[in-house]
Amino acid sequence: MPKLREEAQIDVPQAEQRYSTFKNEQYPHEILCGSCSTVIYVDDATYESFHRAVAHDPDNQILCDNCLNEYEEEAHAAP
C-alpha cells in the first residue's frame, strides 16, 4: 500500500532553524554574523548561549547559514 510522503519520511530528521532574518516573537534578539555582519535574529536560549561563549572566548562568533556553508566547503576543499 502506498504511503504519503509525510509518513514515509517520518524518521528523516528535519533541518533545525537556528535563526530568522526577520524579528518576530520566536526570534526577538539581534546578533550579527561573525563573518559577513548580516543581522540575524535568535531565540532566548541561543542569545544566552552566544553571550556566554563570547564572554569565554571573544573570537567565538555565530555564523549565518551562508557563511557556515562557505566555511565548510573551504574546509573540505583544502588539500
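A polar contact here is a pair of N or O atoms within 3.5 Å; within protein, one must be able to donate a hydrogen and the other to accept it, and residues adjacent in sequence count only if both atoms are side-chain atoms. This is a predicted model, where local features need pLDDT of at least 70 and side-chain atom pairs count only at pLDDT 80 or more, while totals for chains, interfaces and linings use all residues. Residues are numbered from 1 along each chain as its sequence is written, and side-chain values use heavy atoms, with hydrogens and water left out.

**View A. Serine 20 and its polar contact.** A polar atom of the serine 20 side chain sits 2.9 Å from the backbone oxygen of phenylalanine 22. Serine 20 is buried at 9% relative accessibility (buried is under 20% relative accessible area, exposed over 50%, partly exposed in between; 1.4 Å probe, protein chains only). Leaving out residues up to four places away in sequence, serine 20 touches Tyr27, Ile40 and Tyr41 (contact means heavy atoms within 4.5 Å).

**View B. Tyrosine 47 on its helix.** Look for tyrosine 47 in helix H2, residues 44–56 (helices are DSSP runs of H or I, at least four residues, and strands are runs of E, at least two, numbered from the N terminus). Tyrosine 47 is partly exposed, at 27% relative accessibility. Histidine 29 is 18 residues away in sequence, yet the two C-alpha atoms are 6.6 Å apart.

**View C. Serine 37 in a loop.** Serine 37 belongs to the loop between strands E1 (29–32) and E2 (39–42). Its phi is near 65°, a positive value in a non-glycine residue.
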